[in-house]
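Colleague: I would like to learn how to read the parts of a protein model and the places where they touch. Could you take me through it step by step?

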Number of protein chains: 2
Amino acid sequence: MDLTSFVTSLGTYFGIFMGLMIVYAFLSWRAGNNVVYYPNKILKGLEPLEGINKSRNPFIWMKVALVTSETEVIALSGVDTAVYFVFLSTVLSILVLSAVILLPVLLPVAVTDERVVKESLTSHYNQTVVDELQKLTMGNITEKSNRLWAFFVCCYWFSLVALGLLWKACKHVSWLRAEALMDPNVKPEQFAVVVRDIPAVPLGETTTEEYVHSYFEAIYPETYYKCMIVTDNRKANRIWEELEGYKKQLARAETVFQMSKTNAKPEGTRPTIKTGLLGLCGSKVDIIQYYNDRINETVTKLEAEQKITQSEKQQNAALVFFTSRVVAASAAQSLHAQMVDTWSVSPAAEPRQLIWHNLTIKYFERELRKYLVNAVVALTIVFYMVPISFISAFTTLQNLVELAPFIEPVVRIKALRTVLEAYLPQLALIIFFYLLPKLLLYLSKLEGIPTQSQAVRAASICLNTSIFQWSMCSLELLLVELCTEHSS
Amino acid sequence: MDLTSFVTSLGTYFGIFMGLMIVYAFLSWRAGNNVVYYPNKILKGLEPLEGINKSRNPFIWMKVALVTSETEVIALSGVDTAVYFVFLSTVLSILVLSAVILLPVLLPVAVTDERVVKESLTSHYNQTVVDELQKLTMGNITEKSNRLWAFFVCCYWFSLVALGLLWKACKHVSWLRAEALMDPNVKPEQFAVVVRDIPAVPLGETTTEEYVHSYFEAIYPETYYKCMIVTDNRKANRIWEELEGYKKQLARAETVFQMSKTNAKPEGTRPTIKTGLLGLCGSKVDIIQYYNDRINETVTKLEAEQKITQSEKQQNAALVFFTSRVVAASAAQSLHAQMVDTWSVSPAAEPRQLIWHNLTIKYFERELRKYLVNAVVALTIVFYMVPISFISAFTTLQNLVELAPFIEPVVRIKALRTVLEAYLPQLALIIFFYLLPKLLLYLSKLEGIPTQSQAVRAASICLNTSIFQWSMCSLELLLVELCTEHSS
């Protein structure tokens, strides 16, 4: 693979990108898809693409996306999206501000030197791509040349730009978060803390709820509001899902019934169902009547199960609510017990953000899991060569044919072989980088982290570290791999 | 030096210990020294050695020390002393409980084997002490002997004893601290927090005090009580010390005047002083009149200086007081500002415990100092060989004479030479271990730690690490040093 082929490959990717963008533009342009592409706006009762003559141009959303102010973004999608945009724009600014100085200065400095040409005369390899690309880099500067000073100074320029912009972004994100916390539209989770590792109920009290209640009321006599104990409601959940299923079926049956009321037959046809296996056998009954009976039955069962769950299935975790935001924020940061493995407290999150089954994991188990997961992540980062070698084993056609001889006939087709050779390595790497965050997120959840967003944050820190390290090495490896394969 | 000489050396130390103890017993026995030996009891208005017929036995204090209960210790000397006693008794219990099993089992197992004897036949060195001592240790077990299992099992016994007793001690100390915190005799520092890194006063406010006041009143509207800004009162302190000096002189002069009022001369002699250099020249004046004038003068100066200090020399640190203990404890653990380098908060300590000049060090300087000090401590621990070699250079008489030839005449005296050779190394090590904690405490204060007790704790952690490592190595080195010197 020479430089032309490399550029062709890049061009292909750009082509795919453009194709996908055009598909997106046309799909989001069709009014029928609005519920898919603009759910937030519809939920907030706004008109999608409000104020835009959308029939004119399917690409108008790009202009809208560029001119949308931060306040509008926060109003529509929340602070997290705004923070993500700050991050993206900072990275873009760093790239642009560096490129403005570095490209015009360093590229000519590198290209006009001749180390690569000189060395290739004495070299035995035919590493054309590496050589072509190296002509654009510091690798083309002859040893002890004064030109190195240009790279040295530009290194400082890049550092200054990166530090300055990151500092600005950090302050801005901090300000965004503070604004969100001070928002007059208070959120329930701002008044709550998550309490874990509630010790066994002592003799004087009857339930965990009463115990938590008396414990926190003693510490915060004026601002304590109430507590909610985490319960093991897997069984109740199953019954509730069953109930929801019946309700959906009922709604569907009623719609069918309504639609059957035509002018010709105003009383309609009541739909029927067979009660046996998969609705194929058994006696025929009226669907609406049948599901109504089922719903009544399940509601009674659910209520009974909920009562049992509330009284008997209380776990060792709770949500404690206060009447003051300041007290809740302060409580979430304070120690509440002498021993570190009891009454551990953390800030609350939205109910859907909480990983409920992680809340009941005990302190020592959490610590143990943390160490184990950290060890696994550390091993993954240190021995990054193992998965990369594993992928390399599959990504060279030669090895693939050796491993699975039955694909040989496919490989023999010349055209297919070229395509496979060009895109197989990239495809494997794309799959790998798609699976990696999933693995890391799974690991952080395994750690016993209490909320979804914290788990994502923990995973993305690991992810960034690994990607930084891996992308450096794997891309180089990939290039070398490709070159050696083609030249051999 | 053979084993006999080693035992003699140990005996000498025991003799010194007994001598010092007897001196202590007799000194503390004399009623005139009570103010030196029992200051806490006298301050609390108790009779020293209350209820003990002290004229009988000067060693009765030992019995008293052994039977004093923990509650009495806390009442007399505070929780810290009780915690120290828990630590001492735990160490003693570990030693005794281990020795009860280990000595009767392992000593015979080791002594009856013969590795050392066998090896000394083939060895070229004459390391008698090391050999004699090694006969009592695992070093005397022949390779792959089944006797090693005894050491293996005893290792587990020791670990179990140590872990069990340390866990018990930890829980007990935690209980002691909690009791002290819940004591109904509340202490002022339990209602206060130390605030550092107060940012520059914004335009609306006039002084730092008003700024801190409005800041904390907004966060804790109901429980905020007041604030005290740390001021730079070095100048006021100097004037106050001057004033105290004059007051002492006045009291002394008045006592002299009172004592001069004998029956023969009831009006007494008013003492006089010369005002010039060192009371040697100048005009003679009445001392009492002179110091009264001086005191009045200094009091005016002090009041003026105090006013200036209060208004103009406010620093960027403060003590904030609350009306509730719980709020103060919670506030000391919470973040109070968006940026980490402003409004940092920590628990308050007694005024005499605060290291006032450390309070005004800014956040980034503190962080920098922390890293620098940690680096120095890490270097000290890793390169522990350097100070030990340095000491070794002085502790062998031979080297000492080479370094300082003028002491040769002293060394020529045979008796003095023997004494010096026997005790010089130990003396040097004692001095070294006396200076080490001072260095570490100095380093932790340099770090910018806000209270004395925290600095002591930080230093003692380093100290224990280093002592553990150093004592292992230095004692071995010392033994080898002594042996080689004597055998050479």
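Modeller: Let us begin with domains, whose bounds come from an automatic or database domain assignment. In chain A this gives domain 1 (3–180), domain 2 (188–232 + 313–360), domain 3 (235–310) and domain 4 (365–487). The C-alpha centres of domain 2 of chain A and domain 3 of chain A lie 40 Å apart. Please keep in mind that this is a predicted model, in which local features need pLDDT of at least 70 and side-chain atom pairs count only at pLDDT 80 or more, while totals for chains, interfaces and linings use all residues. Residues are numbered from 1 along each chain as its sequence is written, chains are lettered from A in the order in which they are written, and side-chain values use heavy atoms, with hydrogens and water left out.

Colleague: How many residues of domain 2 of chain A are in contact with domain 3 of chain A?

Modeller: Contact means heavy atoms within 4.5 Å, and by that rule four residues of domain 2 of chain A touch five residues of domain 3 of chain A. Buried area is the accessible area (1.4 Å probe) that two parts lose on being put together, summed over both; for these two domains of chain A, domain 2 and domain 3, the value is about 390 Å², with 38% of it on carbon and sulfur atoms. On the side of domain 2, A:T231, A:K313 and A:Q314 supply 83% of the area buried against domain 3 of chain A.

Colleague: Which side chains meet in a salt bridge there?

Modeller: A salt bridge is a side-chain nitrogen of Lys or Arg within 4 Å of a carboxyl oxygen of Asp or Glu. The rule finds one between domain 2 and domain 3 of chain A, and A:E305 and A:K313 meet in a salt bridge at 3.2 Å, N to O.

Colleague: How many salt bridges does the rule find across the interface of chain B and chain A?

Modeller: There the rule finds zero salt bridges. Even so, 14 residues of chain B are in contact with 14 residues of chain A, and the two chains bury about 1,200 Å² between them, 51% of it on carbon and sulfur atoms. In chain B, the residues that lose the most area to chain A are B:Q333, B:Q338 and B:M339, together 39% of what that side buries.

Colleague: What rotation superposes chain B on chain A?

Modeller: Copies are superposed by least squares on the C-alpha atoms of residues with pLDDT of at least 70 in both. Here a rotation of 180° with 0.0 Å of shift along its axis does so, at an RMSD of 0.2 Å, and the two copies are therefore related as by a two-fold rotation axis. The same surface serves both copies, since 100% of the contact residues of chain B recur in chain A.
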